[in-house]
Amino acid sequence: MRFFPWGFWLLCVASAPARGDSGSKARSCAEVRQLYGAKGFSLNGVPQAEISGEHLRICPQGYTCCTSEMEENFANKSRSEFEAMMKEAGRSVQTILTAQYRSFDNYFQDLLNKSEKALYDTFPSLYGELYTQNMKVFKDLYSELRRYYRGSNINLEEALNEFWTRLLERLFKLMNAQYHITDEYLDCMVKHAEQHKPFGEVPRDLKLKATRAFIVARSYAQGFLVGSDVVKKVSQVSLSHECTRAVMKLMYCPHCRGMASVKPCSNYCLNVVKGCLANQADLNTEWKYLMDALVAVADRIDGPYNVDTVIGTIHMRISEAISNLQENKDSITAKVFQGCGNPKISTKGSSSEDKKRRGKVTLEPKSSAVALEMLVLDAKGNLTALKSYWVTLPGVLCSKKVMASSAADDKCWNGMTKGSYLPEVMGDGLANQINNPEVEVDITKPDMTIRQQIMQLKIMTNRLGNANIGNDVDFQDASDDMSGSGSGDSCPDDVCGKRLSKNPSTRQPETHAIPKQSGHGVTGASSRSLPSAFLLFLSGASIAAQHLWR
């Protein structure tokens with residue numbers, strides 16, 4: 001009989017439900033009740049103490065403080081909170097890229113404005129009627145230069161050629177007002193202009209330098225906007241059903257289990273986030289290419305195609321050209337008369353423009369080279385820091401947002417209980433998630449919104465590559481061919497509009513947008529777009545197979 005109490009006690013222990021480290025008394029749910037209320041949910045029906053958890057569908061089934069309704073509410077909350085984390089992280093990158101765009105845009109526009117103002121301020125006293133009667137020609141030039149920079153459908157070389165042609169026609173008539181010069185005569189004079197070089201070497205030199213400077217400037221500015229817009233669109237991609245469950249299990253199941261103070265294991269968090277952001281990580285390669293391309297163009301802007309030197313002195317080059325025409329007026333006029341014949345004497349008399357206005361004009365440039373150098377250095381530093389954004393994002397979210405525990409901690413939440421997390425961390429990108437232990441990821445179904453943004457990165461990188469070697473490119477917005485995936489709200493139409501190049505030397509970009517379905521062949525199609533098409537094919541085949549086997 002003396003052994004009966006011990007046997008009875010053992011029988012009671014054996015028949016009692018296991019509670020882990022909770023002891024024999026049901027633990028209070030005060031902490032989860034406080035959290036649940038703080039999230040904006042009603043406390044009606046929330047347990048005061050642990051209950052059996054057979055009803056749970058996401059969290060481990062065991063004694064719990066969560067009802068089915070609480071689990072569902074926490075799941076929805078975790079989804080919205082995770083998506084908010086993504087948008088917040090994306091906004092910080094958008095802010096950096098947009099700030100770089102604005103800094104450069106303000107600098108570039110200021111250069112152009114100062115050059116135009118200097119021309120308006122000095123030319124009336126320098127050239128008299130040669131300027132006052134031809135003001136519109138100069139205004140039209142600066143207007144065309146701005147429109148080109150903002151992305152209008154303008155061929156810059158043709159615009160510059162047109163400026164010099166119009167200026168020559170007007171100045172030639174004004175300086176030879178004693179003659180009756182018809183439009184036909186002017187056509188003949190223009191045909192001989194290349195041979196006589198009335199403006200000296202200025203038109204050719206300015207065209208070469210200005211086109212390169214404007215090409216790199218507008219490509220550089222648009223590169224920041226496209227990068228910012230890609231981040232915006234990708235950061236708005238919704239969380240999948242599988243990821244919603246995984247994030248809920250990561251963030252709120254510890255609370256349901258009465259472990260509110262236990263942080264998720266670091267590697268556990270990384271596997272969840274890498275699985276959920278697998279498509280985003282696939283941006284990494286093209287994103288790095290874009291950052292590198294922007295850095296390379298930045299070196300051009302502050303180097304061979306120096307915008308400070310070229311754009312800030314346009315008015316000086318025009319003045320130099322006009323002075324050259326004045327100085328060589330007699331010999332140029334004689335050559336024109338020889339080639340086109342002597343025009344008739346006009347009854348209106350000779351020009352009142354006296355010769356004292358002749359002579360070479362010297363205008364001192366106001367250099368801001370130091371400001372440009374600092375601008376470029378700041379941009380390069382930011383671009384380099386952002387290169388690995390997409391592959392470092394899971395670690396950033398886990399350490400700063402989810403507040404995961406250290407990798408060596410054996411008292412962290414591992415998805416089931418408090419302890420070590422044993423599975424290895426998955427690699428980056430969609431293909432590496434096939435064996436992710438925390439998130440079920442279908443690697444045959446890439447997110448099409450993200451694939452479209454990858455294409456946008458390729459197209460923009462190609463534009464920058466062409467700009468880097470001085471070639472203009474077709475700036476057709478990829479959104480025309482990609483069902484509205486284009487440049488978005490942060491890229492204004494007047495910056496990212498269609499652009500046209502008539503330069504036959506421009507190589508076909510290997511990263512053109514997906515061609516329109518016109519039934520015609522497309523030359524220069526890129527082989528780099530084949531993997532995306534192949535994945536789409538696999539996706540369709542997979543869906544069809546699933547329906548057949550059901």
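Modeller: A disulfide is a pair of cysteine sulfur atoms within 2.5 Å. By that rule, this predicted model holds seven disulfides.

Colleague: Let's take one. Which cysteine does Cys-29 join?

Modeller: Cys-29 is joined to Cys-65, with an S to S distance of 2.0 Å. The link is left-handed, at -85° about the S-S bond. Look at where the ends sit. Cys-29 is in the loop between α1 (4-15) and α2, while Cys-65 is in the loop between α2 and α3. These are distant parts of the chain, 36 residues apart. Both Cys-29 and Cys-65 are buried.

Colleague: What does Cys-59 pair with?

Modeller: Its partner is Cys-253, and the two sulfur atoms are 2.0 Å apart. The S-S torsion is about -90°, so this disulfide is left-handed. Cys-59 lies in the loop between α2 and α3, and Cys-253 in helix α11 (residues 253-256), so the bond ties together parts 194 residues apart in sequence.

Colleague: Is Cys-59 buried or exposed?

Modeller: The cut-off matters here: buried means under 20% relative accessible area. Cys-59 has 5% relative accessibility, so Cys-59 counts as buried. Cys-253 is buried too, at 0%.

Colleague: How far apart are the sulfur atoms of Cys-269 and Cys-398?

Modeller: They are 2.1 Å apart, and the two residues form a disulfide. The torsion of Cys-269 and Cys-398 is about -100°, so the handedness is left. Cys-269 belongs to helix α12 (residues 266-276) and Cys-398 to helix α19 (residues 389-401), so parts 129 residues apart in sequence are tied together. Both Cys-269 and Cys-398 are buried.

Colleague: On to the rings. How many aromatic pairs are there?

Modeller: Ring centres within 6.5 Å make a pair, and planes over 60 degrees apart make it edge-to-face. The count comes to 21 aromatic pairs. One of them is Tyr-36 with Phe-74: the centres are 5.3 Å apart and the planes meet at 75°, so the pair is edge-to-face. Tyr-36 is in helix α2 (residues 30-38) and Phe-74 in helix α3 (residues 68-127). The pair links distant parts of the chain, 38 residues apart. Tyr-36 is buried at 2% relative accessible area, and Phe-74 is buried at 0%.

Colleague: Why is the pair of Tyr-185 and Phe-337 edge-to-face?

Modeller: Check the angle. Their planes stand at 70°, with the centres 6.5 Å apart, so the pair is edge-to-face. Tyr-185 lies in helix α7 (residues 183-191) and Phe-337 in helix α17 (residues 329-340), so the pair ties together parts 152 residues apart in sequence. Both Tyr-185 and Phe-337 are buried.

Colleague: Which residues do ring pairs link into a cluster?

Modeller: Phe-104, Phe-108, Tyr-148, Tyr-149, Phe-214, Tyr-220 and Phe-224 are linked in that way.

Colleague: Which ring does the charged end of Lys-139 sit over?

Modeller: The ring of Tyr-120, with the charged end 5.9 Å from its centre. Arg-300 gives another case: its charged end sits over the ring of Tyr-305, 5.1 Å from the centre.

Colleague: Last, the surface. Which residues make the nonpolar patch of about 320 Å²?

Modeller: Val-370, Met-374 and Leu-377 make it. Take Val-370. This residue is found in helix α18 (residues 369-386).

Colleague: Is Val-370 buried or exposed?

Modeller: Exposed means over 50% relative accessible area. Val-370 reaches 61%, so Val-370 counts as exposed.

Methods: Residues numbered from 1 in each chain as written. Predicted model: local features only at pLDDT ≥ 70, side-chain atom pairs only at ≥ 80, totals over all residues. Heavy atoms only, no water. Phe/Tyr/Trp six-rings, centres within 6.5 Å; stacked < 30°, edge-to-face > 60°. Helix = DSSP H or I, 4+ residues; strand = E, 2+ residues; numbered from the N terminus. Buried < 20%, exposed > 50% of the residue type's maximum accessible area, 1.4 Å probe, protein only. Lys NZ or Arg CZ within 6 Å of the ring centre and 35° of its normal. Patch = residues over 30% accessible without salt bridge, like charges linked within 9 Å, V, L, I, M, F, W, Y side chains within 5 Å. Areas by Shrake-Rupley, 256 points an atom, 1.4 Å probe, with all protein chains shown as cover. Salt bridge = Lys/Arg side-chain N within 4 Å of Asp/Glu carboxyl O.
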